[in-house]
Amino acid sequence: MTLIFGGTTEGRRAAEMLDLLSEPYIYSTKEAVHQQIRGRMIFGPLDEEKIVALCRNECVKIIIDAAHPFALVLHHHIHQASLELEIPIIRMERIYIPLEGKSNIKIFSSFDEMNTMLNSMPRRETILSLTGVQTINRFIAARDKHSFFFRILNTELSWHKALQSG
């Protein structure tokens with residue numbers, strides 16, 4: 001059995017690949033999403049302990065970590081569970097265009113670093129965030145000083161989460 005951690009992009013691609021191969025899998029997402037896949041869907045956040053239990057109960061032999069790039073806590077839980085169970089992980093990453101050397105792009109190693117820089121800016125700026133609905137709350141420290149626009153999926157769940165985040 002394969003366990004896929006995903007959302008709407010990379011996870012769906014992994015599921016489609018396993019569908020083509022007629023391989024059984026469990027597709028885990030944090031929120032209830034409605035994907036057209038053949039595997040079994042499960043919803044809800046999983047910590048290391050729950051991942052270990054799921055893998056043992058379902059005889060999982062491999063994990064595909066196709067979760068959102070910013071799901072750092074989940075990536076950590078998956079890694080720790082795989083170490084405990086000695087199950088290999090395939091990590092699916094998004095392909096990004098090279099950004100090195102672009103003078104108009106600033107890369108940050110964390111949201112804290114980004115918020116510190118934003119709060120040190122002398123004037124109010126309008127900022128477009130392409131990080132997804134799950135990260136809106138990570139910008140709270142800078143939202144009093146700047147105007148933000150967030151690019152999100154046009155789904156009822158994303159709109160609900162965005163409105164909850166203010």
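Which cysteine holds the sulfur closest to that of Cys59, and how far away is it? In this predicted model, the closest cysteine sulfur to that of Cys59 belongs to Cys55, at 10 Å, too far for a bond. The close-up views below begin with this pair.

View 1. A disulfide is a covalent bond between the sulfur atoms of two cysteines. Here a disulfide would require two cysteine sulfur atoms within 2.5 Å.

View 2. Cys55 is buried, with a relative accessible area of 3%. Cys59, by contrast, is partly exposed, its relative accessible area being 48%.

**View 3. The largest nonpolar core.** In soluble globular proteins, nonpolar side chains tend to be buried together. The largest such core in this model contains 15 residues. Leu3, Phe5, Ile51, Cys55 and Ile63 have the most contacts inside this core. Two or more residues are contributed by each of β1 (2-5), α2 (48-58) and α3 (72-85). The largest share, four residues, is supplied by α2.

**View 4. The contacts of Phe5.** Phe5 is among the residues with the most contacts inside the largest core. With neighbours within four places in sequence set aside, Phe5 is in contact with Ser28, Leu46, Ile51, Ile63, Ile64, Asp65, Ala66, Ala67, Leu74 and Ile78.

Methods: Residues are numbered from 1 along each chain as its sequence is written. This is a predicted model: local features need pLDDT of at least 70, side-chain atom pairs count only at pLDDT 80 or more; totals for chains, interfaces and linings use all residues. Side-chain values use heavy atoms; hydrogens and water are left out. Buried means under 20% relative accessible area, exposed over 50%, partly exposed in between (1.4 Å probe, protein chains only). A nonpolar core is a set of buried Ala, Val, Leu, Ile, Met, Phe, Trp, Tyr and Cys residues joined through side-chain atoms within 4.5 Å. Contact means heavy atoms within 4.5 Å.
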